[in-house]
Amino acid sequence: MLRHRFVRLVAGCIFAAFIFGCQKTAEDEQPSDSLNNAAPSVLMKRPNILLIVADDLGYADLGVFGSEIPTPNIDALVKNGMLLTNFYANMACSPTRAMLMSGTDSHLAGLGVMNPPQNPAQIGQPGYEAYLNFRVASMANLLKDAGYRTYMAGKWHLGETVETGPRARGFEKSFISIDGAAHLGGLSWDGPGLAPYRDGEDLVTVGDDFYTTRFYTNRMIEYIEADRGDGQPFFAYLAYTAPHWPLQAPRASIEKFKGWYDDGYEALYQRRFSRMKELGFVPEDAAGLPPVEGQPAWQELTEERQRIEARKMEIYAAMVSDLDAYIGELITYLKSIGAFDNTFIFFMSDNGPEDKRRDLNNPAIAEWVAACCDNSYDNLGDADSYVMYGPNWARASSVAFYRAKSTGFEGGIHVPAFAHHPTLVEGGVRNDRFATVMDILPTFLDLAETDHPGAAYRGRSILPMKGKSLAATLKAPEKTVHDDAAYVGWELYGHRALRQGDWKIVWDAAKGDDAAWELYNIADDPQEQNNLSGNERERLNAMISLWETYREENGLKP
């Protein structure tokens, strides 16, 4: 049975209550023009909005993209909805979420870096607050102003305090993991102690039977059910932490996949690659990506090492499968109350798969893992285990794209996404139009029949949105959202990219002093294997010039 009892962190809770009680947030400074008092018929003609975000999910991890992992509930939504095959997030968790909530670049919205900056040039600078700043109006506030009930369950990662949390940014009800990705039980994912959560404004910890994917789903159902029949549409933001590391899932979920990956990561890559070709996600003449440099081939591993590596992928598959199962439970609930046909559903991953081994290479985490966890084979996947699946399995999660999370290559920022609604979305089609996470807020505002406030909100100056509404192309996929002159840039911890039309430049910070701009034609070379920087100098220089414009417009600091 799901546990609803929590151990209060008393000191933190008292502190939060004191701060919140004595200081109003910027979002609460002035009353807004709200539709909450409008007639129910006016409110309910608009769709409910369900936003589902997976964490570190690879492009090839869903059945609809050719994965062997069963995801029948997601696949059914895609079959009757629209698959967005050219959709881009940011390189990592919080910058994507900042763009999602604000409709603008992460450097403007406060997440130019993920944690308080260490670079003197960034400290104290606008856009480097390491929380969703108040130069932007948040998605939840705008939808709340438009008469929507606003709920959130899952990963916030946009501010650790009450004043920078979901309540301060328009969510009426919320249960969040502040910044993390623990899955089973109560242990922290990034250092000693218990993982912190916020239930509303209260700082809490959780019990041994806690499982994030199950809990967040059930909590969201509770929120919707509590207000059902009040005449207001809802905006529900379900931000799962699966399948982010550490890899953990219930034993019964893991055992479903026992033996599935015994032939190794290279074999899985080839199976998925072939399937993606059959489905038309990869060009027929594509040669595939080379093995990860510096990594051992499967046959070079000992039998014991192979057994452990296969187990990691079994756990990962269980996490993806459970993600689908609980999404299915939510869909079943929405159908049972007659809300499904009037609910617009948007699904995406926040970035590409994680290919690092922070459990080994991050000293603070490695020390915590050594102290807290039992990583013996029989215990892998349990609440007191801590493993990541690493670069070889991540290559199989991306398949169609080069590299992974934290880079500007396609494997880091080109993510799975789809939309579903019986009448607002053309069903059963693929939309290849370029779109980004910044387009989601303007899309939702269109659905809510409301406008962005522009340059001022609640007595303060705010930034406009950079994204554009996808509403028209979701209904008629032949319609273009971004013309060929439009460009989008990305930067995080020195990794950079910029795309305009079919052209893209990438700066690989991992190369250190050897890094230089690389140029790719994404239409001809979606796997970024043919660097054209030496052959297309004029094009390269034009793209670099655009990068300098992007850097200046968005306030990037060196």
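This is a predicted model: local features need pLDDT of at least 70, side-chain atom pairs count only at pLDDT 80 or more; totals for chains, interfaces and linings use all residues.
Residues are numbered from 1 along each chain as its sequence is written, and side-chain values use heavy atoms, with hydrogens and water left out.

Four strands form an open sheet in the order β16-β17-β18-β19, and their pairing is antiparallel. Strands (E, at least two residues) and helices (H or I, at least four residues) are DSSP runs numbered from the N terminus, and two strands pair if DSSP finds at least two bridges between them. In general, strands of a sheet pair through backbone hydrogen bonds, either parallel or antiparallel. Because β16 (487–492) and β19 (517–521) stand at the edges with a single partner strand each, one side of each has no neighbour in the sheet. Strand β17 (residues 495–500) is joined to β16 by six bridges; E491 has R496 in β17 as its bridge partner.

The largest pocket holds about 1,000 Å³ of space. A pocket is an open set of points on a 1 Å grid over the protein atoms alone, where a 1.4 Å probe fits, with protein on both sides within 12 Å along at least five of seven lines; lining residues have an atom within 4 Å of a point. A volume is the space filled by probe spheres set on the points, which are joined across faces, edges and corners. The lining of the largest pocket comprises 39 residues, and E354, K356, R358, K405 and S406 lie nearest the centre. Helix α13 (residues 390–398) contributes the largest share of this lining, four residues.

The second largest pocket contains about 680 Å³ of space. Its lining has 32 residues, of which T85, N86, H414, D432 and R499 are nearest the centre. The sheet strands β16 and β17 each supply at least two residues of this lining.

One disulfide is counted, a disulfide being a pair of cysteine sulfur atoms within 2.5 Å. This bond links C372 and C373, with their sulfur atoms 2.1 Å apart. The torsion about the S-S bond is about -65 degrees, and the disulfide is therefore left-handed. C372 is buried (under 20% relative accessible area; exposed is over 50%, partly exposed in between; 1.4 Å probe, protein chains only), at 17%, and C373 is buried at 18%. C93 is also buried, with a relative accessible area of 2%. The sulfur of C93 lies 19 Å from the closest cysteine sulfur, in C373, which is too far for a bond.
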